[in-house]
Amino acid sequence: MTETISTSRATLDLHALLGPHLQQVLTACQPHTGTVTRIEACTGGNVSHVARIHGENGQVIVKVRGRRFARIKHISTDPALIAVEHRALTLYHQALPDLFPQILAFLPDAYAMVITDVFPDGRSWREHLDERLATAEECARLGYALTRIHHATTGLPPVREGDGDDRFREEHAYGYCLRTAGHPVLNDACRRLDALPGRQLVLGDVCPKNLSLASGRAAFVDLDNVHLGSPLYDVGYLLAHIVLHHLTRPAAQHKVATAFLDAYTLPGPARPWRSDALLAAVTAGVMLYRLEARVVPYPPTAPPATTDRFRRQILHLLDTSPFTVTDLLDAAAQREMP
């Protein structure tokens, strides 16, 4: 049964968030949707509140930033920071309009954006992975898409003023993620990432909940974490999630991870992934970040016994470092490591 906008829970939540700006936002949607018929809450994002606005002529996405993170209520934030994502999305869509949403309206007083809906089936890749395995073709498509993104965004300006991108990298990419486990190998990986040549814009949060592979395409959303850094960080971040989502299917794990890595080509000098100890360390750090979920929640990708075993394997690899990506894949597949 169709839910009317006057009674839907999503509408009430959006009204509570936007207050007097709700009508302004809905008016900005109407040139693209026609008369609004339904408002649907989108789940998965930790920072911004996201809704899909349905109308007689189509649908759009509304993102609103509040004074606290959407799914981590104890973390306060400045809603005006939505302007950073606005700048990032503007740059990325201009560079690669087939991979990123288009901004249809930016309403700074409401801390809101209206953007195109680039999920053809209305679902993230994470939602599909919760029901089935990835395919090698999908993962290769991801590798090619991430290559295109990193090559297209080389040389683009930072999205934050002054040293804002450097501070964001230290506090979020490193502080929330790689350094949260407190392991010296991961602390050293942060230093080694910063020493790599070719610092540029990176997505910072490229994971299954923030992308779509429906209809044979690739699309990326949620650019809150775009910052100046190393492309290798994005590669390790996405690789970690591909592996975590296949912990219960070890036979498929090497196939999909290899398809992704073989399809990806880092900007700059070649770094063969099979022997890249830094990529292995970054990937391991992101895995711990998700498995331990000390600050940022991530729904489980496997039963507790499986994730606990893998977490111990990761810590063993870190304690006996160096190790390779192949070692990580073998540990995830429950094979004996050399």
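The following dialogue explains how to read several features of a predicted model.

Biologist: How many bridges join S2 to S3?

Modeller: Seven bridges connect S2 with S3 (residues 58–64), and the two strands run antiparallel. As one case, Ala51 has Val62 in S3 as its bridge partner.

Biologist: Where does Ser48 lie, and is it buried or exposed?

Modeller: Ser48 belongs to the loop between S1 (36–42) and S2 (49–55). Burial is judged from relative accessible area, with buried meaning under 20%. Ser48 has a value of 6% and is therefore buried. Setting aside residues up to four places away in sequence, Ser48 touches Lys63, Val64, Arg65, Ala70, Glu85 and Asp224.

Biologist: How does the span of H3 compare with the expected one?

Modeller: The span of a helix is taken from its first C-alpha to its last. H3 has 14 residues and reaches 20 Å, close to the 20 Å expected at 1.5 Å a residue. Helix H8 (residues 231–244) also has 14 residues and reaches 20 Å, again close to the expected 20 Å. As for burial, H8 is mostly covered, with 14 of its 14 residues buried.

Biologist: How should I read the packing of two helices, such as H5 and H9?

Modeller: One reads the angle, the axis distance and the handedness together. H5 (residues 136–152) and H9 (residues 250–263) pack at about 25 degrees, with axes 7 Å apart. Angles under 35 degrees count as roughly parallel, and H5 and H9 are therefore roughly parallel to each other. Their crossing is right-handed. Among the residues that meet are Ala136, Cys139 and Leu142 of H5, and Val256, Ala259 and Phe260 of H9.

Biologist: At what angle do H9 and H12 cross?

Modeller: The axes of H9 and H12 cross at roughly 150 degrees and come within 10 Å. An angle over 145 degrees counts as roughly antiparallel, and this pair is therefore roughly antiparallel. H9 passes H12 in a right-handed crossing. Gln253, His254, Ala257 and Leu261 of H9 meet Val325, Leu329, Asp330 and Ala332 of H12.

Biologist: Which residues are in contact with Leu211, apart from its neighbours within four places in sequence?

Modeller: The contacts of Leu211 are Phe119, Ser124, Trp125, Leu142, Val206, Ala219, Phe220 and Leu238. Leu211 is placed in strand S7 (residues 211–212) and counts as buried, at 0% relative accessibility. Sequence separation and spatial distance should be read side by side. Leu211 and Arg126 are 85 residues apart in sequence and 8.0 Å apart in space, C-alpha to C-alpha.

Biologist: What should I look for in the backbone itself?

Modeller: Most residues other than glycine have a negative phi, and most peptide bonds are trans. Tyr111, although not a glycine, has a positive phi of about 55 degrees. Tyr111 is placed in the loop between S4 and S5 and counts as partly exposed, at 26% relative accessibility. Asp222, also not a glycine, has a positive phi of about 60 degrees. Asp222 lies in the loop between S8 (219–220) and S9 (227–229), and is buried with a relative accessible area of 18%.

Biologist: Is the peptide bond from Ser321 to Pro322 cis or trans?

Modeller: That bond is cis, with omega near 10 degrees. Pro322 is placed in the loop between helix H11 (304–319) and helix H12 (325–332).

Technical notes: Residues are numbered from 1 along each chain as its sequence is written. This is a predicted model: local features need pLDDT of at least 70, side-chain atom pairs count only at pLDDT 80 or more; totals for chains, interfaces and linings use all residues. Side-chain values use heavy atoms; hydrogens and water are left out. Helices (H or I, at least four residues) and strands (E, at least two) are DSSP runs, numbered from the N terminus. Buried means under 20% relative accessible area, exposed over 50%, partly exposed in between (1.4 Å probe, protein chains only). Contact means heavy atoms within 4.5 Å. Two strands pair if DSSP finds at least two bridges between them. The expected span of a helix is 1.5 Å times one less than its number of residues. Axes are lines fitted to C-alpha atoms, for helices over the stretch in contact, and angles run from 0 to 180 degrees between N-to-C directions. Angles under 35 degrees count as roughly parallel, over 145 as roughly antiparallel, 65 to 115 as roughly perpendicular and the rest as oblique. A crossing is left-handed if the near helix is turned anticlockwise from the far one by less than a right angle, and right-handed if clockwise.
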